[in-house]
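Have the picture ready as you read.

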Amino acid sequence: MYRQRNTSLLAALLTLVCAWPSLPKAGDAPLRITDIDGKTHEPLASGKTKAVVLVFVLRDCPVSNVYAPEMTRIHKEYSKKGVAIFLVHTDRDTDTKAARAHAKEYKLSAPLVLDHDHKLVRRAGAVITPEAAVFDAKGHLVYRGRIDNLYADYGKKRFNTTRHELRETLDALLAGKSLVKRTTKAVGCYIDFSNDKKDNK
Amino acid sequence: MTKKTTNKFIRVRLVLACFAALQSGATAAAKAKPTFTEDVAPIIFNKCTECHRDGQAAPFTFNNYSDVKKRARLIAKVTQKRFMPPWLPVEGHGKLLDERRLSADELATLKNWHATGMAEGPADKIPKPPEFAGGWLLGEPDMIVKMPKAFTVPADGPDIYRSFCIPLEIEEDKWVAGFEVRPSARAVFHHVIIRIDESGEACKADGDGGTPGFSGMRSIGRQSGSRRRGGDNEVFSGSLRGLGGWAVGGTPRILPMGLARKLPAGADIVLNSHFHPSGKGEEEQTTIGLYFADKKPERTLIGFQVPPVFGSISGIDIPPGENDYEVTSKFTTPVDIELIGVGAHMHYIGRTAKAYATLPDGLVEPLFYIDDWDFNWQGDYIYEKSIRLPAGTTVDGTVTYDNSAENPFNPFSPPRRIQWGLESTDEMGSIIFTAVPVNEADLDEFNAAVRQQVIDETRLLAERRSSPGQAKRPPWQHRRSPRRPPRGVEQEQQRRD
């Protein structure tokens, strides 16, 4: 009897411990994103959006810019299928005007977001640009990392891209699969946290 | 590759790294807590700002504290990996001009600065930011030539390797002592080899299909004109690879000792250019400034290669999956010579290039070594001091290739058999020396030896082909079992840092 109660207690504790990391953190608000036009999106509120993608970018990062055509292709293909995609500028020196000019120069089509206080960066746990974060329809982070494996390392651009992790993640979500969080290491430029307020770090 | 071997390899590397650190006299160890003005700025201003400033090819400007602080983590990372500053030749294998390699101390300073929070330091300690002359770095050129039409580099897709012909219409022979390359689209233009074509074929091929330029390196060895005239010209002028190469960040130089490369009357210039798409469409119309010597140089520059003729007669035939395919060759000089410059040429799956000289007294002198070849950073190097090799010295050259799927630069997925060829997805392989005979009177003998090397190599290849099943391998080429981890394994290791 005692033993059984202990076992159930242990099981309950274990469940709690195991489930803990995936529970929303205190104060973890639903995904709310304000773009550079001042429009606030709550993409998951309607229940129609199947996934949300944040791609963290840096205006003068060459690796980030090399991905511009692919980011636009992904935006055009997947926004039709119920995926909300945002390009998130992480640099405090990129203002609305600079972000717009950059999007025009590189023919970027997805909505732009300025994340000067790095709220979205921290929410996704991003450290690199370009780095993609995918949230499922419940708002859980299911993928963070490279868009694909075009770069094997700094200066080591593959002749042939052989993995397309961002597309693969989205295809799996759209196919109704339930995913557990997966991360890959992105190659690119580090996000500058040196000016963040201490409590934000 | 087993894990054990990998670990062993890494240990060896570590030991070597420590040894190198000791050797380079790292006595004044880097400070544990460096500051920008005292420690970091001198490194950045000297080694980085030349390219990392407005209007240059490199991203980011490094003019002041906030510029550098913002990128501190990236700087620490890419310098540790020796991706930056870009400098492929390994220390201790020939002292070269304009070396951009960072010392162990400098690397540690940049790393420690990031790790300790990037202190600014006393304002009055900051060195004067460098000033860069506008305009041509070597002064006003004697002749400025430009691609007749701009080539459009698309926003996206694989790298582009393309040749462009610039018709010259010069009526008398010129002697080129130096050149400066000015790309119009600096973000996408990565490197160029400037060749000379006397056949007229390159300009004929240019523009096929309505797009400026043509694919491949058709101008190699097409300098028959100089051969016909013979006498005072180098025997195989193709060995000099035209006027030389230049990669982003390279410093233009006038050749030492009054030397110059011949640009014969009626010849055309061919640019073998390499582009990286940048994410947006760009137009490239390269301008080249040429600097002429006043007169024909008193000493004649000769090119020789190991293996000769870009590896075309060494039977390069690399099976798919082979990650350590090796080609070796040698050249023995019959006369005293001085080595002036060096470079290497391979394509995407090239892995290493190494050359050393064995002097008649048995002394071995390392001449050149690239331990991690990168097609992107092909430079032409000039020795800080010319290297004198007495008659009877043998120069040994070895190039290796990685045709495995783990090599990210492999143009084929899955890997395919790759042989010698003119296209960038074929392979070439040689270490290219420029040299002069110590006594100009020995020129013919030197030339004859260069010619003989080509004949000997051709004969060896023919012998090998006529008896393919022969157990005895020719001494100059053999395949070995893998002895180093493929590129992918090293990257996995690096990722853990």
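This is a predicted model: local features need pLDDT of at least 70, side-chain atom pairs count only at pLDDT 80 or more; totals for chains, interfaces and linings use all residues.

Residues are numbered from 1 along each chain as its sequence is written, and chains are lettered from A and ligands numbered from 1 in the order in which they are written.

Find strand β8 of chain B, residues 268-275. Strands here are DSSP runs of E with at least two residues, numbered from the N terminus. In β8(B), 8 of the 8 residues are buried, so this strand is largely enclosed by the rest of the structure. Buried means that 20 or more other C-beta atoms, placed from the backbone, lie within 10 Å of the residue's own. In a regular strand, side chains alternate between the two faces of the sheet. Here D268(B), V270(B), N272(B) and H274(B) point one way, and I269(B), L271(B), S273(B) and F275(B) point the other.

Which strands join β8(B)? Strand β3 (residues 160-166) of chain B runs antiparallel to it, with 7 bridges, and I160(B) stands opposite F275(B). Strand β5 (residues 189-197) of chain B is also antiparallel to β8(B), with 8 bridges, and H191(B) faces H274(B). Two strands count as paired if DSSP finds at least two bridges between them.

Now turn to chain A, where 6 strands form an open sheet of mixed pairing, in the order β5-β4-β3-β7-β8-β11. At its edges stand β5 (112-114) and β11 (182-183), each with a single partner strand, so one side of each has no neighbour in the sheet.

Definitions and conventions. A residue is buried if 20 or more other C-beta atoms lie within 10 Å of its own, exposed if 12 or fewer, and partly exposed in between; C-beta atoms are placed from the backbone. Helices (H or I, at least four residues) and strands (E, at least two) are DSSP runs, numbered from the N terminus.
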